[in-house]
Amino acid sequence: MTSHADFLAMLPALAVASYACRAGGFWLMRFVTVTPRVEAALRAAPLAVMVGVVTPTALHGGVPELAGLAAVGLLMWWRGNDVVAMLAGVAVVGLARAGLG
């Protein structure tokens with residue numbers, strides 16, 4: 001089996017696992033009383049995930065990654081649109097890698 005065939009075989013399993021995690025979370029939250037503290041924790045969760053994703057890149061990335069992070073920070077400050085900032089950061093990293101490679 002080639003790596004392409006392995007990926008295609010695993011894709012449905014990954015989709016089911018992803019759905020099960022998300023559906024399980026919704027199902028479990030039916031049993032949780034949403035207090036102000038729980039609500040604050042749920043609101044902070046996406047930021048915590050982003051910090052966990054960005055920190056290793058910021059610490060171990062090269063010039064392209066740092067330029068991308070700078071672009072994201074500047075666009076978030078200037079426009080306040082996270083999607084635009086993310087797309088610009090990806091574009092900056094891609095262009096910097098192409099230029100440095």
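1. Met50 is partly exposed, with a relative accessible area of 47%; partly exposed covers the range between buried (under 20%) and exposed (over 50%), using a 1.4 Å probe and protein chains only. Met50 sits in helix 2, where helices (H or I, at least four residues) are DSSP runs numbered from the N terminus. Its C-alpha atom and that of Trp77, 27 residues apart along the chain, are separated by 17 Å.

2. A word on the source: this is a predicted model, in which local features need pLDDT of at least 70 and side-chain atom pairs count only at pLDDT 80 or more, while totals for chains, interfaces and linings use all residues. Residues are numbered from 1 along each chain as its sequence is written, and side-chain values use heavy atoms, with hydrogens and water left out.

3. Now to helix 3. Just after helix 3, Gly80 has a positive phi of about 75°.

4. Which residues of helix 3 are buried? They are Pro64, Glu65, Gly68, Ala71 and Leu75. These residues lie on the same side of helix 3, because they cover an arc of only 120° around the axis, the arc being that of the directions from the helix axis to the C-beta atoms. On the other side of helix 3, Val63, Leu74 and Trp77 are exposed.

5. What do the buried residues of helix 3 pack against? Their partners are helix 2 (36-60) and helix 4 (82-100), with contact taken as heavy atoms within 4.5 Å.

6. Glu65 deserves a look of its own. This residue belongs to helix 3 (residues 63-78) and counts as buried because its relative accessible area is 16%. Its side chain makes a polar contact of 2.5 Å with the side chain of Arg97. A polar contact is a pair of N or O atoms within 3.5 Å; within protein, one must be able to donate a hydrogen and the other to accept it, and residues adjacent in sequence count only if both atoms are side-chain atoms. Setting aside residues up to four places away in sequence, Glu65 touches Thr57, Val93 and Arg97.

7. Gly89, in helix 4, is buried at a relative accessible area of 5%. Apart from neighbours within four places in sequence, Gly89 is in contact with Gly68 and Val72.

8. The largest pocket has a volume of about 490 Å³. A pocket here is an open set of points on a 1 Å grid over the protein atoms alone, with protein on both sides within 12 Å along at least five of seven lines, and lining residues have an atom within 4 Å of a point. Grid points are joined across faces, edges and corners, and the volume is the space filled by probe spheres set on the points.

9. How many residues line the largest pocket? There are 16, of which Met50, Val54, Leu69, Val72 and Met86 lie nearest its centre. Helix 2, helix 3 and helix 4 are the elements that give two or more residues to this lining, and helix 4 gives the most, with seven.

10. Lastly, Val54 is placed in helix 2 and counts as partly exposed, because its relative accessibility is 29%.

Definitions and conventions
On a 1 Å grid over the protein atoms alone, a cavity is a set of points where a 1.4 Å probe fits but cannot get out, and a pocket is an open set with protein on both sides within 12 Å along at least five of seven lines; lining residues have an atom within 4 Å of a point.
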